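User: I am new to this structure. Please walk me through it in short questions and answers.

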Amino acid sequence: MKTAYTIRIENSFKSILPERWSRLSGTLSADRSYNPFLSHAFLSSLEESGSANAKSGWMGHHLLLESEDGALIGAVPCYLKNHSQGEYVFDHGWADAFERAGGNYYPKLQASIPFTPATGPRLLVAGGEDEAMIKAGLAGGLKEVTRQLGVSSAHVTFVAEADLPFFEDEGYLHRTDQQFHFINDGYANHEAFLETLSSRKRKDLRKERRAALDGGISIDWLTGKDLTEDIWDQFFAFYMDTGSRKWGRPYLNRLFYSLIGERMADDILLVMAKRNGKYIAGAINFIGADTLYGRHWGCIEDHPFLHFEVCYHQAIDFALEKKLARVEAGAQGEHKLARGYLPVTTHSMHHIAHPGLRRAIDDFLQRERREVEAIGDMLSEHAPFRKGERQQD
């Protein structure tokens with residue numbers, strides 16, 4: 001007998017009590033499946049800081065699946081959007097084509113973590129519940145919400161592989177892309193990892209790491225109580241300087257960093273570079289149950305190779321010391337391959353309401369998937385490992 005449930009839309013995390021949200025798998029740091037971007041602390045900080053709210057074009061439209069007695073047994077973090085910024089899965093071409101044909105692509109539904117190209121569950125289920133039933137209900141419910149709102153589409157990005165079948169059963173279109181992840185094979189330390197590389201690559205990386213610290217640069221790892229407001233001020237200056245040049249307008253504001261520092265400091269690692277007693281660059285990482293997630297970096301001084309040291313080599317050092325299974329270093333970046341990060345396929349699922357637009361996108365995605373697979377195979381052949389040491393994850 002099927003359990004009765006109701007899907008309700010909640011527009012604000014202020015109305016979702018942390019203790020209710022923490023019933024969902026992967027949302028608490030004590031969980032073996034913990035993903036920091038699914039935590040109430042992270043999602044509510046995005047909203048309360050104004051980084052992701054209606055004014056910035058990320059209107060909360062979170063799907064809550066509740067039992068007959070009102071208990072929260074499933075959820076999908078979701079947003080109603082009037083643009084395609086901050087998503088890292090690019091559908092601007094789809095929007096342009098539909099608009100030129102007389103359609104309205106926006107608003108659309110976006111089931112994702114704002115500004116965060118990190119794979120994770122999107123169909124969240126409370127512990128002890130019927131996982132398959134609830135995930136199927138959520139995937140179907142997202143389609144029904146799309147229909148009731150009369151919007152063009154629903155997009156679920158950076159989807160964990162375990163969630164894919166439930167979207168496929170509902171007829172979502174499947175899109176793939178490529179990222180680069182470091183996979184920890186139980187290396188004792190960074191030197192043990194380097195020993196698995198080809199001789200030339202090993203020599204190049206050792207030289208690169210030495211050069212990055214030329215001029216008296218040192219590296220600090222800051223987490224927990226180290227993350228003071230003064231530290232956040234300095235890191236935010238790096239973020240604004242580099243983000244303004246790279247993106248034009250950085251997505252996150254200063255208040256966001258204060259809020260996450262208050263709510264989840266033990267799940268954050270800042271890798272900070274210091275010269276002449278002053279911090280000059282830094283990268284922010286989030287610590288999951290078995291994964292270190294690199295997010296963004298910034299600097300106020302340019303030094304050769306410092307970006308690689310702060311963002312990639314130090315992340316590997318930390319993961320090895322803490323015995324984490326992998327490092328996810330964010331979107332794109334084939335330069336990561338030479339530093340031991342392997343190509344990994346990422347997934348997104350798309351419900352397109354208009355039949356003509358759906359057919360056109362379906363045709364495009366079939367070709368794109370073949371291209372992504374071919375590029376992944378080619379990149380794997382150029383991995384820096386000695387022959388036979390590593391295969392594609």
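Analyst: A salt bridge is a side-chain nitrogen of Lys or Arg within 4 Å of a carboxyl oxygen of Asp or Glu. This is a predicted model, in which local features need pLDDT of at least 70, side-chain atom pairs count only at pLDDT 80 or more, and totals for chains, interfaces and linings use all residues. Residues are numbered from 1 along each chain as its sequence is written, and side-chain values use heavy atoms, with hydrogens and water left out.

User: Which residues are linked in a network of salt bridges?

Analyst: Side chains of opposite charge can pair when their charged atoms come close. Here such pairs join into a network. Its members are Arg8, Glu10, Arg20 and Glu66.

User: How many salt bridges does a search of the whole structure find?

Analyst: The search covers the whole structure. The number of salt bridges found is 25.

User: How many residues apart in sequence are the parts that arginine 23 and glutamate 129 tie together?

Analyst: The two side chains meet in a salt bridge, 3.9 Å from N to O. Helices (H or I, at least four residues) and strands (E, at least two) are DSSP runs, numbered from the N terminus. Arginine 23 lies in the loop between helix H1 (18-21) and H2, and glutamate 129 in the loop between strand E7 (124-125) and helix H4 (131-149). The pair therefore ties together parts whose separation in sequence is 106 residues.

User: Is arginine 23 buried, partly exposed or exposed?

Analyst: Buried means under 20% relative accessible area, exposed over 50%, and partly exposed in between (1.4 Å probe, protein chains only). Arginine 23 has 34% relative accessibility. Arginine 23 therefore counts as partly exposed.

User: At what angle do helix H2 and helix H9 pack?

Analyst: Two packed helices are described by the angle between their axes and the distance between the axes. Axes are lines fitted to C-alpha atoms, for helices over the stretch in contact, and angles run from 0 to 180 degrees between N-to-C directions. For H2 (residues 40-48) and H9 (residues 254-263), the axes are 9 Å apart. The angle is about 155°.

User: Why is H2 described as roughly antiparallel to H9?

Analyst: Angles under 35 degrees count as roughly parallel, over 145 as roughly antiparallel, 65 to 115 as roughly perpendicular and the rest as oblique. H2 and H9 pack at about 155°. That makes H2, relative to H9, roughly antiparallel.

User: Which residues of H9 does H2 meet?

Analyst: Contact means heavy atoms within 4.5 Å. From H2 come Ala41, Phe42, Ser44, Ser45, Leu46 and Glu48. Their partners in H9 are Leu255, Phe256, Leu259, Ile260 and Arg263.

User: How many residues apart in sequence are the parts tied together by glutamate 48 and arginine 263?

Analyst: These two form a salt bridge, with the closest N and O atoms 2.8 Å apart. Glutamate 48 lies in helix H2 and arginine 263 in helix H9, so the pair ties together parts at a sequence separation of 215 residues.

User: Is arginine 254 buried or exposed?

Analyst: Arginine 254 forms a salt bridge with glutamate 229, the closest N and O atoms being 3.0 Å apart. The pair links helix H8 (residues 229-247), which holds glutamate 229, to helix H9, which holds arginine 254. Glutamate 229 is partly exposed at 42% relative accessible area. Arginine 254, at 18%, is buried.

User: Which residues of H10 make the contact with H7?

Analyst: Helix H7 (residues 199-212) and helix H10 (residues 306-322) pack at about 115°, with axes 9 Å apart. H7 brings Leu205, Glu208, Arg209 and Ala212. H10 brings Leu306, Phe308, Glu309, His313, Gln314 and Asp317.

User: Which residues is aspartate 163 in contact with, leaving aside its neighbours within four places in sequence?

Analyst: Aspartate 163 sits in the loop between strand E8 (153-157) and helix H5 (164-169). At 1% relative accessibility, aspartate 163 counts as buried. With those neighbours left aside, the contacts are Pro121, Arg122, Leu123 and Lys135.

User: How far apart in space are methionine 133 and proline 18?

Analyst: Methionine 133 lies in helix H4. Methionine 133 is buried, with a relative accessible area of 19%. Along the sequence, methionine 133 and proline 18 are 115 residues apart. In space, C-alpha to C-alpha, the separation is 24 Å.
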